[in-house]
Amino acid sequence: MASVAFNSISKTFANGTRALIDFDLQVHDGELLVLVGPSGCGKSTALRLLAGLESVTDGNICINDTDVTDMTPQQRNIAMVFQNYALYPHMSVRRNLEFPLRMQKLSVTERQKRVSWAAELLQLTDLLERVPAQLSGGQRQRVAMGRAIVREPQVFLMDEPLSNLDAKMRQQIRGEIAALQRRLIITTLYVTHDQIEAMTLGHRVAVMYQGRLQQLDVPQQLYARPANTFVAGFIGSPGMNVLPSRLRQASTGLQVEICGKWFDVGKHGQANAQSLLAYVGQDIFVGLRPEALLPADPAEAMLELKLVDVEELGHEQLFYLGEQQASQTQLIARHTYTSKINKGGAMPLRFDSVALYYFNSAGMAIYS
Amino acid sequence: MQARMLATLLRYLGLVILAILFIAPIMFMLSGSFKPDAQVLTEAGSWQAFIPSQLNLENYHDVFARVDFLRYLLNSIFITGMVVLLGLVVNSLAGYGFARLPWRGRKLMFALVLAILILPLEAIAVPLFYEVTLFGWRNTYLVQILPFIANAFSIFLFYTFFLGMPHELEEAARIDGAGILRTFFSIIVPNSKPVFATVAILTFLTQWGVYIWPLMVTSGETVRPLPLAIATFYTLPPLQWGDIFAFGVMMVLPILLVFLFFQRWFIRGVVASGIKG
């Protein structure tokens, strides 16, 4: 049981790459916090810094208010599950589980007790005498988790632990990880590039991009109130449509430009008229989630766009849309509606202005 | 179809010729060791030289009568064994240090080790001789073992192998609470059998045949290895080819045993490290 704090951490590698820039993060005691972001965003670096596998360039890391910045990995009492599991190939499952306990110089009886406890918890009892090469991917994953939990660490680190599994196994193990974490209540830092994993597992989720923390919030809020255009585009599948836009003051009230047409801001979406007024005449961005852009009857269409492409997902479809003269996709709509419109044809669309998000020219969200 | 069969045929023919070329000298030695000296010489120019026409053990008997073969054999086994064993420990640790541990001056030191690769023993034999004389080490096992434990080529082989190992295993071990040495001996060594076998065999082969150095620093049979003993068969009369062959057969046997024991890892090691014999 422990809390973790990254305080103004910077990490620059020998080749000059700045992996983390002024990174601040607090992980609460017993919390499962997910670091998510595209590859190269610094999420794995953050994890490796906490593990002590890389040294910090600037700032400090605390576990339970103890500064661990200069401690070796073995002094930090943390456990880690690696992407490729990193099981010791020459040891049986039992010896793999036992290894960290041997390093702690625990007695034979204590070791046996803990190994059987972990093996039972993770359904590994029948596999104890096998070596890793004789196990399936899911079983190896469980052994890796077992090796991490036997030593009862202060903090549990997971570096993309599901990315080597097939989709079905990933879903199953995802559930097992969540259940295990709830049961053991170990502070856990979980790294993934998969937003579904992040949203389903994380008590809170930290979205990272280019070495910086973009937003730290509960999953629902990341979706409902993204802090900037990056988070808006990253969370959701596909992410929010973000278009360059402008605001103008018309006789009917405030209006916003979308694909060359002006619409009444109406109920002002996520921002109020007062906060939007300050941006009249400036370049802004407007955001609309694919699931909020709906097919419409031609009579009530607010917008008519060329259907560039359609992707069939089975239970729903993704419509790739653009202005008549544009060759590229500008907007994506997502709906269960089956289109009878051919590619290249005009698709009538509607949306509720409540669903509109506004971002300033720097990409920061404007909320009331 | 026929062209492919022809190609296979030609390939096998080439392999058979190569196999004969390689095995012929050994057969020559083996069959000669069972023949009286006169017969060895008369048959030397014909195919009969490769056929063991009789099983006469007199030459072997002669070898034991002329020198204390067992003494030399034990000396060779002890010296070579120690060089191989201690060499594996020292050179693997050095290779690991160069490949994996971050320390100041690592690149410079490694460049120096590589530079030693091109330095033959003959170039340093005389100063080394003065040094060991100064220490009073002549006529000992120590003087034949110590200078050959650390070996630049072995370090290089270990270095390349460790460089190619995934980092995760070591990182997992470190997080699990193992220090550097513990990680090395518990995790790295058990997963590096190919390179250990390769280095063991190559060191054994080199060390088993050393001649110049023991000749310089030893006198008398108490600590001398086999190559010096077989040399006396050429230098001291009578010059008996049958005896020399019998000696040769007994000297080669341990090499074959070692190779057979290590070969399955050796082949993997050669493939993994990219070296060629």
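Mentor: Let's start with burial: a residue is buried if 20 or more other C-beta atoms lie within 10 Å of its own, exposed if 12 or fewer, and partly exposed in between, with C-beta atoms placed from the backbone. Helices (H or I, at least four residues) and strands (E, at least two) are DSSP runs, numbered from the N terminus. This is a predicted model, where local features need pLDDT of at least 70 and side-chain atom pairs count only at pLDDT 80 or more, while totals for chains, interfaces and linings use all residues. Residues are numbered from 1 along each chain as its sequence is written, and chains are lettered from A and ligands numbered from 1 in the order in which they are written.

The part I'd pick is strand β8 of chain A, residues 187–192: six of its six residues are buried, so the rest of the structure largely encloses it. In a regular strand, side chains alternate between the two faces of the sheet. Here both faces are covered, with A:Thr187, A:Leu189 and A:Val191 buried on one side and A:Thr188, A:Tyr190 and A:Thr192 buried on the other.

Now its partners; strands pair if DSSP finds at least two bridges between them. β3(A), residues 32–36, runs parallel to β8(A) and is joined to it by five bridges; across that pairing, A:Leu32 stands opposite A:Thr188. β7(A), residues 155–159, also pairs with β8(A) in the parallel sense over five bridges, and there A:Leu157 faces A:Leu189.

Leaving out residues up to four places away in sequence, A:Leu50 touches A:Val4, A:Ile61, A:Ile78, A:Leu157 and A:Leu189 (in contact: C-beta atoms, placed from the backbone, within 7 Å).

Elsewhere in chain A, the pairing is antiparallel in an open sheet of five strands ordered β15-β19-β16-β17-β18. Its edges are β15 (294–295) and β18 (331–335), each with a single partner strand, so one side of each has no neighbour in the sheet. β15(A) is joined to β19(A), residues 346–350, by two bridges, with A:Pro295 partnering A:Leu349. A further open sheet of five strands, also antiparallel, runs β13-β12-β11-β14-β20. Within chain A, β11 (residues 241–250) and β12 (residues 253–258) pair antiparallel over four bridges, and A:Gln249 stands opposite A:Leu254.

Last, the other chain: 13 residues of chain B are in contact with 17 residues of chain A. Helix α9 (residues 167–175) of chain B supplies the largest share of chain B's side, six residues.

Key: Contact = placed C-beta atoms within 7 Å.
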